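Colleague: I have not worked with this one before. Can you take me through it?

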Amino acid sequence: MAGHRIEGDLSAVKEIQSVGGDTVKKCYQCATCSSVCPLAPDEAPFPRKQMLLAQWGFREKLLSDPSVWLCHQCGDCTKYCPRNARPGDVLASLRIMVTKELLPFKFLNTFFNNLWGLPILILIAFAYIMLFTLFTFKGTPNFFDATSFPYNDEIHYKIGFMKLPARVVMIDLVFLSLAAFVIVLMANAVGKLWRTYLDYYKVPQAYRYGVGTILANYFIPALKEILDHSRFEKCGANSWRATPHKMLLFGFIILFITTGTVFILADFLGMHTPWNPFTHPVKWLGYIGGILLLYGVIGLITGRNRAELENSLKTSYSDSFLLWLILLVGITGFAIVVFRTVPVLYNLTGVAYLVHLITVFLLFLSVPYSKFSHLVFRTTAVTFDYYYKDVLKKMGS
Amino acid sequence: MANSSILVVGGGISGITSAIEAAEMEVDVYLVESEPTLGGRVGQLRYYFPKLCPPTCGLEINYKRMKANPHLTIYTMTEVLEISGAPGSYKVKLKQNPRFVNDNCTCCGECEKVCEGERISRFDFGLGKTKAIYLPSPMAFPARYVLDKSALAPGDLEKIMSVCQYHAIDPDMKEEVFELEVGAIIWATGWQPYDATKIDNLGYGKFNNVITNMQVERMASPWGPTGGEIKRPSDGEVPTKVAFVQCAGSRDENHLPYCSYICCLASLKHSLYFAEKYPNTECTIFYIDIRTPGRYEKFLNRATNEAKIKFVKGKVAKIEEDPSTKDLLVTAEDTLSGRRVTERFNMVILALGMQPSTIGKTIPGLSLDENGFVVETDGIIPVGCAKKPLDVMTSNETATGAVLKALQVIKRA
């Protein structure tokens, strides 16, 4: 031990405090939180230890700790915390900090987690979409004339056997490039996270399996658990969140399937939209997804307001940002359908379309830079949880 | 104009000390107590700090001094309603509740024998019962019975009156409101245990074998409801594994935001009670920090050496009952090993925090802080646990110090 000096990192502490973890310093390590937590395992309880690590600003240690992601912010700890140190809310801020650690272009994380960054983000999204619009529509279309934007029938592109209208090429260029960017970043981050966990838990080389084995043996059960929300449902104080959150997740999955189907049908099979809003089955699939999304997100927003009154949950800017962004995605999505169908509103379709694209753009980009990253990182941590428990069992036998 | 007498409110150890120290300075002192007897919390204990004396030890010598002093007037069953005036000339309105027993009473106990109606004993924290006519404490001062009319069984009143050959029972006594003029006031109303049922995760009131530290004191007392045996309320068995839950209510913004000062020492003391009577009983103390102010650290060493104590650094936040055995499953994180443990115990003792008796009361002329403790103003001097959580020794230091302050107030006015 001699000569080993522990250095705190004040900048990390300030960062945690600025994204919703302002109460972290109140903790006096009584461990009430770890006892009441319905999700913490006996052999590695949280969040008491993570509170201490956060007070010292130990970025590396927090990065290499899956507990940060196993926490679902039930708020039981916050409710019983004798110092109002709000461990549940602090852990949410740690997730934002860890997300920032794991990804390049950190300024984007700053923009996503501060109100002042919002106009910049909107400008980025707008500029990126406009760039491709000007290019594909060969100049500035009239956004107040739906036959000019988005339903311009005059400009088409022939790519191989496919004949695509301008808006489809624009959307493909914008979102395929964005999706590729996000996927590369996240894949990289997940790899980094996984290796950190392996090193932190000193998993012997013999038990470090390839991606295929991990996916088949541990990712599938993790996915089942996530779809089922079985951990989430164990929460005490804020168990109300499990159902709307589940609906929201299902909404996203259905919308993902819808989008994929549209992509294949339209781009490759030439069945171009807009489709009949009342009879087309894919439209109906989209509506169901949209309704689940709206139901889920509205449930989460109203539930959070109630929980704030009970003092079991605090809603930080990062929380509100994501919820309201999802709400806007849902509302603008339905707005397009309505505007397009109602003749007097028809020419507003272009504006709704543009706003919808901006919100969806921000939602995509928020995966690596906002609390939305939990979609990927919590899944990673839950998978690791299954994996590590299995490794322990195998090492023991 | 100035009045040179002193009012002492509260007849526990601090109030008794202030009253007698002042009266021995030949100042007129009024001592008022809301209960039917003096003695306060110390009177309920088995042993008290610092030297682990039984309460008879400290109280009796003071009672003797009080009996001999002509400057002291004592009112029991009396509360302060209102204070007006200024340092040197306070007017205090008081209310005395009827005792229904006059000073003819000799404590012969004949009435108690024939009385059938019973009441739950507050003095024993609900662990025992008394008759409707009862002696408020084994060492009651004044040594007089008291009658709780609401607990009388039909026909009781006639029976107890006919058996009392001293004509001490007076069912027609009325509540009296009166006024005193004094120069200074020493406020010594002490403390009460925090309401443990408010701590919903610790199971008090739901699980029989979760008890409080003050209930342990009553059980350990030879004159207590169990005759000195510390037993499980569920089946009367002596526990072999006992958990102490420190900071039950204290240092908790949801309950009492402050440290109650004495609970760590009380649990160590209780471990010694077990060591003295049941050497096989194992005690586990779950704590955040063991706080033994000043020289009390020596007491920690003593308890560690003499009693069977296991310390676990981690606050208990979950208690469940095994319905078949009425044992308790106690969950805490052992923060030194970083693991969460759930252990089985026969009994759980909550190291319950203290709350000032003034909490929630509004007495015009008396100012309280946000936690209900009395704030010192020019001529109103809080002492003991009405001022802040303290042990007996330090309470007495505040009590003697307050006498000097009160005398200064009187002299200056």
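Colleague: What kind of model is it, and what are the ipTM and pTM?

Modeller: It is a predicted model. The scores are ipTM 0.89 and pTM 0.91.

Colleague: And what is the average pLDDT of chain B?

Modeller: The average for chain B is 96, and 100% of its residues reach at least 70.

Colleague: What radius of gyration does chain B have, and how does that sit with a compact globule?

Modeller: Chain B has a radius of gyration of 22 Å. A compact globule of 413 residues would come out near 22 Å, so the two agree. Along the principal axes, the C-alpha atoms of chain B fill a box of roughly 70 × 55 × 35 Å.

Colleague: How many helices and strands are there in chain B?

Modeller: Chain B has eight helices and 22 strands.

Colleague: Which domains does chain B have?

Modeller: The assignment gives domain 1 as 6-96 + 175-190 + 357-412, domain 2 as 110-163 and domain 3 as 194-353. The centres of domain 2 and domain 3 of chain B are 32 Å apart, taken over C-alpha atoms.

Colleague: How many residues does each of those two put into their contact?

Modeller: Domain 2 of chain B gives five residues and domain 3 of chain B gives eight residues. On the domain 2 side, the residues are three nonpolar, one polar and one charged.

Colleague: On to the sheets. What is the strand order in the one with β1?

Modeller: That is an open sheet of five strands in chain B, ordered β3-β2-β1-β11-β22, with parallel pairing. β3 (72-75) and β22 (380-382) of chain B are the edge strands, each pairing on one side only. From one strand to the next, the twist averages 15°.

Colleague: How many bridges join β1 to β11 there?

Modeller: Four bridges join β1 (residues 6-9) to β11 (residues 184-187) of chain B. As for residues, Val9(B) has Trp187(B) in β11(B) as its bridge partner.

Colleague: And the sheet with β13, what order does that have?

Modeller: The order is β13-β20-β14-β15-β16 in chain B, an open sheet of five strands with parallel pairing. β13 (210-212) and β16 (309-313) of chain B each have a single partner strand, so one side of each has no neighbour in the sheet. Neighbouring strands in this sheet are turned by 25° against each other on average, direction ignored.

Colleague: How do β15 and β16 pair?

Modeller: β15 (residues 282-287) of chain B pairs with β16(B) in the parallel sense, over five bridges. Phe286(B) stands opposite Val312(B) in β16(B).

Colleague: Which strands does helix α6 lie across?

Modeller: Helix α6 (residues 263-277) of chain B lies across β14 (241-248), β15, β16 and β20 of chain B, at about 170° to β14(B). Helix α5 (residues 213-220) of chain B lies across β13 and β20 (347-352) of chain B, running at about 115° to β20(B).

Colleague: Switching to the other chain. How many residues of chain B are in contact with chain A?

Modeller: 18 residues of chain B are in contact with 18 residues of chain A. β17 (316-321), β18 (328-334) and β19 (339-345) of chain B each supply at least two residues of the chain B side.

Colleague: What classes of residue make up that side?

Modeller: The side of chain B that touches chain A has four nonpolar, six polar and eight charged residues.

Methods:
Residues numbered from 1 in each chain as written. Chains lettered and ligands numbered in written order. Predicted model: local features only at pLDDT ≥ 70, side-chain atom pairs only at ≥ 80, totals over all residues. Domains from an automatic or database assignment. Contact = placed C-beta atoms within 7 Å. Nonpolar A, V, L, I, M, F, W, Y, C, P; charged D, E, K, R; others polar. Pairing = 2+ DSSP bridges. Axes fitted to C-alpha atoms, helices over the stretch in contact; angles between N-to-C directions. pLDDT = per-residue confidence, 0-100. Rg over C-alpha atoms; globule rule 2.2 N^0.38 Å.
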